[in-house]
Structures are given as structure tokens and as C-alpha cells.
Amino acid sequence: MLLKTIPMKSVTIAIALALFLFSTNTIQAQEIIADTVVAPVVKKLPTNARQKIDGIIATVGDYIILDSDIDKSYLEISSQGNSIKGITRCQMLGKLMEDKLYAHQAVQDSIKVTDAEIKGMMEERLNYMVGQIGSLEKVIQYYKKDSEEDFKSYFFDILKEQKLSSEMTKKIIEEVEITPEEVRNFFKSIPKKELPLFGAEMEVAQIVVTPKISDLEKQKVIDRLNEFKKEVQAGSSFATKAVLYSKDPGSASNGGFYKMTRKTPFVKEFKDVAFSLQEGEISAPFETDFGFHIIMVDKINGQEVALRHILLTPSVSEEAVQEAKEKITLIRTKILDKKLTFAEAARTESDQKETRANGGVLINPKTQDTRFELTKMDPSLYSQVSNLKDDAISQPILDTDENGKKSFKLITVTNRINEHTADYATDYIKIKELALKEKQIKAIGKWFEEKIKETYIKVLGEYRDCDFTNNWLKK
């Protein structure tokens, strides 16, 4: 259950900017324009070929921006239901120039983006757009392209630039850290009247019981994965099989593709297998909490591995489901009869190892805190806990995850925190997050200042009269 940024009634401009920027999962210095799903049109100039072309309004490194790119950016924002009211062409150009500088510097820094990765992104995006518009033909018409080949070539360049920009942003902020002293000074710098107001929160614990899968069902899945492996080794497409059969919603649509390092937050079993393989090698079937997998490594680039995988989940019998329900009902009865506490039952009876050790307490994956803000809580979790009184225990809840895996759970609210003004001791984790974001924003600003000075940048015509956030005109 992911939480987004905490709400505030009053806060300094810097903090508010940081919250807005990070809500898009990307940091941008041109603060008034949100990221869009599809980047604006960009054409790359060959080296030493900066010739005047009708419609060019700016050049950033090896990238040019056309006047029509601004119109297309307005169209993209509007098509997503967002308002373009108050966004000037100058502001839009500033945002486009930021994107180009990110991408240009990513190339200069030899940040690698593979064609396979971009193709995977393109397939995922196209599936989404087709689902929204109705057909690939309508998508092509929407972008005013003459053919599927023309559109895909155009779209590939857009996605590649987006990815370069994203990777460059990550590189800028990945080493930004903050000390407790900096957090303290950040908090002290906020006037008391402008301290953020944090919404009502709660701490939640759960006990999970999953139906047992028979050895026979497990073996069926293992045998099928071994068949896939043999067929791929004989010439079949691993990516096609992933699209057709994988139960992983996060990668099936792009052929099971993932790119990862040792720090990527995948389960240990998956990473251990991935980093044990050579390029082109396919693993034996192996098990994680999600089901059974096979992995094929596409490419190894230093500490980074590009791979594809197929996930299959064994079937669960109705008898096993009923047995799990009876078990969790018995656990609830024992807790109500005071034979054991909820925390004791979680430690000894729960099948969820992530929460078992700490008595079933859920951790907010965004903040690594135990608190969940009511207004930002995942709707499914909120519906399960909103009506629970203190120390009450829910009835057994049948939960089906995105992979179709069933489980039963009991939920209880262990603590409630009312709406309150930020307190350094009580809200340290949230304050630290705000302080870190502000520091990252400053790192981005410093980066722009330095790179603008050393990069070829040209703004033409009436746009030279714009009042940009960044010093694009190098005045």
C-alpha cells in the first residue's frame, strides 16, 4: 500500500515546491509544469550540423526544439485531463529545454540505454494507449503519422530521450544524503506559523494465512517452465512466451524485461539467480513468494543485468482455501479468548514473513515508517480498517493480489495519531524526507547552473524575451 506525499496547510515555498516535484517521481527545476506521459518532439542534429531550419526555436547541445513542440506539449497535457490554464509558451519551452539538457548530458556521461529496454517501454506504452483510444490505427492518427513504421520510429526516439533524462536525474541525486544535523537545522528554519500540518494517521498490524499448494501443482508448473526453457533453447522467443504466459503484471506486457543491479529492490531469491547467470543463459525453475520463475539474461553491463523472466503460479484447490479460512478463524478466536495476543499470533502463525517478526505491524514502503495517513491510504486497506475500533480485530478477509494469489488476513489498528502540527521528535521521518527533497532540489539547481554554462545553448526569436527560471540565455 503506497502512500504519497503528506499534505500541508502552510509551508515554505521551498518545501511546497519539493513536494510538488517529487509527486511526479521525477525532479524538474521548471516547477510549474508537470511531467507528461509522452515527451515532446525532438530531432537530434548531427555533429557540426547546426544549420538553420524553419521552425527551430532553441538548441540544447545536440538537440533542437521546434515551435510545434510546444503545441504538442500542450496537447499532451490536455489529453491527460490536466489544465493548461496559466502555462505560458515561455514556461513550456523552459521545461522542454530542461528535458533536452538532461538527455544531452546523459549521452556525454555515457549513460547506457539499450534498444531492447526502449522497445519494452514502447510496447507497454502502446498497450496502454491502445486501451485508452481503441486501436493502434487510432493512436497513429492521433499523432498524425502516415504509417505504423513511421510512428514507432518517432515514438522510439521520444522514449529514448525520456529514459536518458530519467537516468540522468537519478545520477544527479543518487548520492545526495542528509545528516541528522541538517534535518534539525531544516526544521528550525521553518517559522512556527508555517510548520506543516500532518493529517490523521494510524498504525496497522495483520496476520496472513495463505492456502497451501500441493506438491503435485508445484511440479506441474515446474514442468511447464522446463518446457518453455527447452523451446527457447531450440529457437523460440523467450519474450513472446513471457507476453503470452507470464503472470507478472509488471513485466509480461514487455516480454518479461527487467534491468537491475544488486541494489534493485527485488526479492533475494530472484537476485541470487539473476546474478549467477551468464549472457544468454536460462535458469532452472526456482521459487519465490510470488510463484515459480525462469530467467534469461540478455546482457551484463558491469554491475547491471538486463534480463527477461516468466512467472507462473500453481493452482490452489478449493479444499486448501477452506482450510486456510478455518485456520485464520481459529487464530481470531484464540486472540479474542485472550489465549494469545495479536502480536504473538502474528509471530507464530502468520505466513507473511515481512511482518511476522515485528508482530504483524505493516511498514509504509514509501517512508519506511509504521504510520499510514488516512487520506493517502490505499483504498482497499482503508476500507478494511476505517470502521475498526481500537483493539478490534476484523473478520477474516479474503485477499486476492494482482497475480491472482489468494490469502486470508486479520487486521487490527494498533495506534491512532490525530491531525497535528509537525513535531520534530514525533515526525522525524517525515521531516527528514522533506529536508532530503529540498537538498535534492538544490543539487538539481546547482547541476543546471553548471551544465548550462558549459553546453551549447541557443534561444531564437521572440523566445529570447522570456523570463526563464534557468539562465538559458546566459546573461
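Buried means under 20% relative accessible area, and partly exposed means between that and 50%. The exercises below use a predicted model.

**Exercise 1.** Classify Phe270 and Phe266 as buried or partly exposed.

Solution. Phe270 has a relative accessible area of 3%. This value is under 20%, so Phe270 is buried. Phe266 has 25% relative accessibility. That value lies between 20% and 50%, so Phe266 counts as partly exposed.

**Exercise 2.** Decide whether the rings of Phe151 and Phe155 are stacked or edge-to-face.

Solution. The structure holds 12 aromatic pairs. For Phe151 and Phe155, the ring centres are 5.3 Å apart, which is within the 6.5 Å limit for a pair. Their planes meet at 15°, and planes under 30 degrees apart count as stacked, so this pair is stacked. Phe151 and Phe155 are both buried.

**Exercise 3.** Work out which class the pair of Phe266 and Phe270 falls into.

Solution. The centres lie 5.4 Å from each other, with 50° between the planes.

**Exercise 4.** Which ring lies under the charged end of Lys145, and which under that of Lys430?

Solution. The charged end of Lys145 sits over the ring of Tyr154, at 4.2 Å from the ring centre. For Lys430, the ring is that of Phe198, with the charged end 5.8 Å from its centre.

**Exercise 5.** Which residues form one aromatic cluster with Trp447?

Solution. Tyr102, Phe448 and Trp472 form the cluster together with Trp447.

Terms used
Residues are numbered from 1 along each chain as its sequence is written. This is a predicted model: local features need pLDDT of at least 70, side-chain atom pairs count only at pLDDT 80 or more; totals for chains, interfaces and linings use all residues. Side-chain values use heavy atoms; hydrogens and water are left out. Rings of Phe, Tyr and Trp (its six-membered ring) pair if their centres lie within 6.5 Å; planes under 30 degrees apart count as stacked, over 60 as edge-to-face and the rest as tilted. Buried means under 20% relative accessible area, exposed over 50%, partly exposed in between (1.4 Å probe, protein chains only). A charge sits over a ring if NZ of Lys or CZ of Arg is within 6 Å of the ring centre and within 35 degrees of the ring normal.
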